[in-house]
Amino acid sequence: MIFNIEYETMPREALEAIQLRRLQATLNRVYATVPFYQKKFEEAGITPSEIRSLADIQKIPFTTKQDLRDNYPFGMFAVPMDNVVRIHASSGTTGKPTVVGYTARDIGTWSELMARSLSAGGATRGDIIHNAYGYGLFTGGLGVHYGAEKLGASIIPVSGGNTKRQIIIMKDFGPTILTATPSYTLHLAEVAEEMGVSFKDLKFKYGIFGAEPWSESMRQEIENKLKIIAVDIYGLSEVMGPGVAIECHEAKAGLHIYEDHFIPEIINPETGDVLPYGETGELVFTSITKEAFPVIRYRTRDISALNPEPCICGRSHVRMKRVSGRTDDMLIIRGVNVFPSQIESVLMQIDEVEPHYQLVVDRKDNLDTLSVLVEVGEQLFSDEVRNLQNLEKKISKDIKEILGVSAAVKLVEPKTIARSEGKAIRVIDNRKL
Amino acid sequence: MKVEQISVFLENKSGRIAEVTGILAESGINIRALSLADTSDFGVLRMIVDNNQKAEEALKKQNFTVGKTFVVAVEVEDKPGGLYKILNILHKVSINVEYMYAFVQPNSSNAVMIFRFEKLDEAVRVLQENGVVVIDGDKVYTL
């Protein structure tokens, strides 16, 4: 079912007219209210009035995660705090999170887009949605929640964790739609099996999965194990949260981007040049309806491609390919964004010298595990085992506190971490997606 | 009065102690005393050798992390109650033993033990005041 037929199936020409009008209004507003954007536009020698066509967007400088970090926490807000009704945050590269805000109208927009997304994924107002995305600063839980209420479906705000209780709820409440990260979904399937609960006997029809990279083979595994149709949802808090783009359950071939609210571009990550439809590069978004936290040409670091061909579902919006990787070294571990540099700064605080470390990511029983190998140099070494064990515990505790992710710390001998051309290999990701 | 001990960080992998002792053998270094403290993942090998500098250089060249710590070598009477007597002296003045291990060969009729104390100087003073023989560093390396 298409939630908003008028906008979701709008002919290209009409859509682009709306995009341009909304883009111009957004640019005027950020220029007037966000010093960062005003400065950036001035440095580039442009004013919003010079943006007369959608193609003119290429004249505007990019916004990066670093820009958001420099303006921590509220420097990028385009409205007074009086008008902000919600704050979310995601982890950043140095321990400080990226903070985003929403006005009441933004929450309304987000709810609408999530209602559209849930519909595209197969949900109707008659469905019961089991929402296992985490509730909190992370946008996943509340994003789905508001969209489900907007749609008129029944939502179970079960959040993440406490897996056995989740299985009991699935059995007793009879939810028909599952929303979760794909890895947690496979974990749910395993725990269900251990508890002697078969998904054949549950009522699930559709699943909407995202917030971490996954693959076609994982989709098949989930569909086979859960006896459902599984679709991919995309979003990031900087742009809005989940519901920026979603696959329709009819085609399951690329994610429709809600172009009446976001302008997507694909760029060459090295040169910044905009690439034509079909070519693979870094995904860039401009929000054109957001009030509290508009982003202009925000570089997501996600690698994708855009496909403008018409879709069998009837939606006219362009589709993005499933995200195939990152242009930076960010890892997503159990839904938490982790940059190797964050681990490095934790180690720096302990050691005060450049640490030699390596992150090893595995997926055991469908849950991501992070091991941190740290070479024991003379600064860290002690002839007392107790001190070394305390060191392991301290590193592990600091990582948990700063990054919010559990890590098993292992001390290793110097020069045992593999180096390629003299440079240490910082990350080994053994997850087979 | 203090003795310098070298310690080496080892991962819990087969052949690592063999490698360390091999490196020392090739450099003509004699191990006078040794102990190993370990966990499931790693261990710390502590040694008194006859040439610290040479041992340290040889091990570092092979990428081992080498630490140096001062310990005390104490003569212990080789008869029932010999060790107890020494530990009791320390206990009375609340000096904690971090770790200890035995020397490879006895010195005449007495055994020699290596002690690591947090309060090293105080421990040496107390032991000497109580008539315990604390062996000089230079003597220990070539004992």
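This is a predicted model: local features need pLDDT of at least 70, side-chain atom pairs count only at pLDDT 80 or more; totals for chains, interfaces and linings use all residues.
Student: Which residues of H7(A) and H8(A) meet?
Tutor: Thr163(A), Lys164(A), Gln166(A) and Ile167(A) in H7(A) meet His187(A), Leu188(A), Val191(A) and Ala192(A) in H8(A). Contact here requires C-beta atoms, placed from the backbone, to lie within 7 Å. By class, this contact has four nonpolar, three polar and one charged residue. Ala, Val, Leu, Ile, Met, Phe, Trp, Tyr, Cys and Pro count as nonpolar, Asp, Glu, Lys and Arg as charged, and the others, Gly among them, as polar.

Student: Why is H1(B) called oblique to H2(B)?
Tutor: Helix H1 (residues 16–26) of chain B packs against helix H2 (residues 52–61) of chain B at an angle of about 125 degrees, with the axes 9 Å apart. That angle makes H1(B) oblique to H2(B). The contact consists of Val20(B), Ile23(B) and Leu24(B) of H1(B) with Ala55(B), Ala58(B) and Leu59(B) of H2(B). By class, these are six nonpolar, no polar and no charged residues.

Student: What makes S18(A) and S19(A) a pair?
Tutor: Two strands pair if DSSP finds at least two bridges between them. Strand S18 (residues 357–364) and strand S19 (residues 367–375) of chain A pair over eight bridges in the antiparallel sense. Tyr357(A) stands opposite Val374(A) in S19(A). S18(A) and S19(A) form a hairpin with two residues between them, and Asp365(A) in the turn has a positive phi of about 50 degrees.

Student: How is S19(A) joined to S20(A)?
Tutor: Six bridges join S19(A) to S20(A), and the two run parallel. Leu370(A) stands opposite Ala407(A) in S20(A).

Student: Why do S10 and S15 of chain A stand at the edges?
Tutor: The open sheet has four strands in the order S10-S11-S12-S15 (chain A), with antiparallel pairing. Strand S10 (262–267) and strand S15 (325–326) of chain A each have a single partner strand, so one side of each is left without a neighbour in the sheet. Within this sheet, S11 (residues 281–287) and S12 (residues 298–304) of chain A are joined by four bridges, and Phe285(A) stands opposite Tyr298(A) in S12(A).

Student: Which strands stand at the edges of the nine-strand sheet?
Tutor: That open sheet runs S4-S3-S5-S6-S7-S8-S9-S14-S13 (chain A), with mixed pairing. Strand S4 (154–156) and strand S13 (306–307) of chain A are at the edges because each has a single partner strand. Two bridges join S9 (residues 255–257) to S14 (residues 319–320) of chain A in antiparallel fashion, and Leu255(A) has Met320(A) as its bridge partner in S14(A).

Student: What are the domains of chain A, and how far apart are the C-alpha centres?
Tutor: Chain A is divided into domain 1 (5–328) and domain 2 (332–429), with bounds from an automatic or database domain assignment. The C-alpha centres of the two domains of chain A lie 31 Å apart. Contact involves 14 residues of domain 1 of chain A and 16 residues of domain 2 of chain A. H8(A) gives the most to the domain 1 side, with four residues.

Student: How many residues of chain A are in contact with chain B?
Tutor: 16 residues of chain A are in contact with 16 residues of chain B. Helix H11 (385–403) and strand S20 (407–412) of chain A are the elements that give two or more residues to the chain A side. That side has seven nonpolar, three polar and six charged residues.

Definitions and conventions:
Residues are numbered from 1 along each chain as its sequence is written. Chains are lettered from A and ligands numbered from 1 in the order in which they are written. Two residues are in contact if their C-beta atoms, placed from the backbone, lie within 7 Å. Axes are lines fitted to C-alpha atoms, for helices over the stretch in contact, and angles run from 0 to 180 degrees between N-to-C directions. Angles under 35 degrees count as roughly parallel, over 145 as roughly antiparallel, 65 to 115 as roughly perpendicular and the rest as oblique.
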